[in-house]
Structure formats: structure tokens, C-alpha cells
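This report describes the fold and selected residues of the protein shown below.

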Amino acid sequence: DAEGLYVSPGFINTHVHGCGGADTMDDDPNALITMAMQQARNGVTSFLATTMTYDMPRIYEALERIRKHMETENPKSIGAKVIGCHMEGPFISEKYKGAQDKKNIQKADFSAIEKYADIIKVITVAPETLGENSEFGHLCAKAGIQASVGHSGADYDTAYKAIMEMGFTRFTHLFNAMS
């Protein structure tokens, strides 16, 4: 019963690295709680905690924290719900890395993320770096992960091929930190 009250849909934030003084990559079990509280203050009801281009062990630690948070999150708690992860890198272009650390950029390898396919909902990849690995986007789609073109120097034909033939469905930072 919402008599006398306003009801409106909440926002879903699909790309947030941090807020409220906390970050997805923080080695702190309270970081995601802090982020959830801050997101809710801004009308966000659910979000994808977004990683950065770090070395894989550090990314795995963040993914484990996200998974644990999602498994133990009290649905009646105050704050936005963490509905998964947006993995931004490390499969990106060195030239269009933006704020990502060059030393951690690597070639896309689905086996490196397969263990976390249950929580990774979006992954940002520079498709021109895939070379012969054209199955990467399809493997992501099959696992329920949306492959996103981003931090990329792909020309029109490469971006078109990524979307029409390789299973990519979205863009990250369109024309921001890329041509």
C-alpha cells in the first residue's frame, strides 16, 4: 500500500568503479556496502560493481568479494543491490587505455574469466586486440556475459564485425578514450 506516497522505478547503474569513498577494487569487505548505500542515496536500486585493469590475482580478489557480497547480501538491507560485475579490462587497447594501467593489459582469454561467469555481467574488450580469437564474444554471450566494445582503437569495420559477427552487444565509454 503506497497510499499518499510516490512510487517510481529506481536506476540501474551498469558502470560504477566507486563512490562514497569506496571502490570495487578496495581490499575491504565494507567497500561494497558503502557503495550500495551511496548508490541508493542517488536513486540507484541495483548496480554492477566495476573492476579496473589490474593484474589477474587482484581482479580475482575483487570478483571473490563481489560474489561473497552477492551471496550474503540481506535483501531487506538498505542500499542498492549488487547484481554482478562489469569487468573493465584487462583486455583493452594500450593506445586507448585511458586511466587503466598499461602494465596490466593482456590478450583476451575466456578461460581466465570462466570461473566468474556467474557474476560477470558485462566485460569491456577492445575487439581489435582479439586477432584470431573471434570466439571470445560468443563464449561470453553463451555464458550470459555481455561483451562491450571499449578502450578500443577499432576502426568501423572491426567494430561492425565485433557486433555483427563476434557477439558484442554494447559500448563502454563510446568516443571517450577511443577514436
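In this predicted model, R65 is located in helix 2, which spans residues 56–72. With a relative accessible area of 17%, R65 is buried. A polar atom of the R65 side chain lies 3.0 Å from the backbone oxygen of D26. Residues up to four places away in sequence aside, R65 touches T24, M25, D26, D27, D28 and L32.

Helix 2 itself lies across strand 4, strand 5 and strand 6, and runs at about 165° to strand 5. The open sheet has six strands, ordered 1-4-5-6-7-8 with parallel pairing. Its edges are formed by strand 1 (11–16) and strand 8 (168–172); each has a single partner strand, so one side of each is left without a neighbour in the sheet. On average, and with direction ignored, neighbouring strands of this sheet are turned by 25° against each other. Strand 4 and strand 5 run parallel and are joined by six bridges. A49 has C85, in strand 5, as its bridge partner.

T51 belongs to strand 4. Its relative accessibility of 0% places T51 among the buried residues. Apart from neighbours within four places in sequence, T51 is in contact with H17, T24, M25, A62, L63, C85, H86, M87 and E88.

The largest nonpolar core has 41 residues, and F47, I113, I123 and F136 have the most contacts inside it. At least two residues of this core come from each of helix 1 (31–41), strand 4 (44–51), helix 2, strand 5 (81–88), strand 6 (120–125), helix 3 (136–142) and strand 7 (146–150). Helix 2 supplies the largest share, five residues. In soluble globular proteins, nonpolar side chains tend to be buried together.

F47, with neighbours within four places in sequence left aside, is in contact with N13, V16, L32, M35, A36, Q39, A80, K81, V82, I83 and G84. F136 lies in helix 3 and is buried, its relative accessible area being 0%. The residues F136 touches, not counting those up to four places away in sequence, are F91, A108, D109, F110, I113, I123, V125 and L130. Of these, I113 and I123 are also listed with F136 among the residues with the most contacts inside the core. F136 and F168 are 32 residues apart along the chain, with their C-alpha atoms separated by 9.3 Å.

How many disulfides does the model contain? The count comes to zero. C19 is in no disulfide, and the nearest cysteine sulfur, that of C85, is 15 Å away. For C85, the closest cysteine sulfur is that of C140, at 12 Å, which is too far for a bond. A disulfide requires the two sulfur atoms to be within 2.5 Å.

| Residue | Relative accessibility |
|---|---|
| C19 | 15% |
| C85 | 0% |
| T51 | 0% |
| F136 | 0% |

How values were computed
Residues are numbered from 1 along each chain as its sequence is written. This is a predicted model: local features need pLDDT of at least 70, side-chain atom pairs count only at pLDDT 80 or more; totals for chains, interfaces and linings use all residues. Side-chain values use heavy atoms; hydrogens and water are left out. Helices (H or I, at least four residues) and strands (E, at least two) are DSSP runs, numbered from the N terminus. Buried means under 20% relative accessible area, exposed over 50%, partly exposed in between (1.4 Å probe, protein chains only). A polar contact is a pair of N or O atoms within 3.5 Å; within protein, one must be able to donate a hydrogen and the other to accept it, and residues adjacent in sequence count only if both atoms are side-chain atoms. Contact means heavy atoms within 4.5 Å. A nonpolar core is a set of buried Ala, Val, Leu, Ile, Met, Phe, Trp, Tyr and Cys residues joined through side-chain atoms within 4.5 Å. Two strands pair if DSSP finds at least two bridges between them. Axes are lines fitted to C-alpha atoms, for helices over the stretch in contact, and angles run from 0 to 180 degrees between N-to-C directions.
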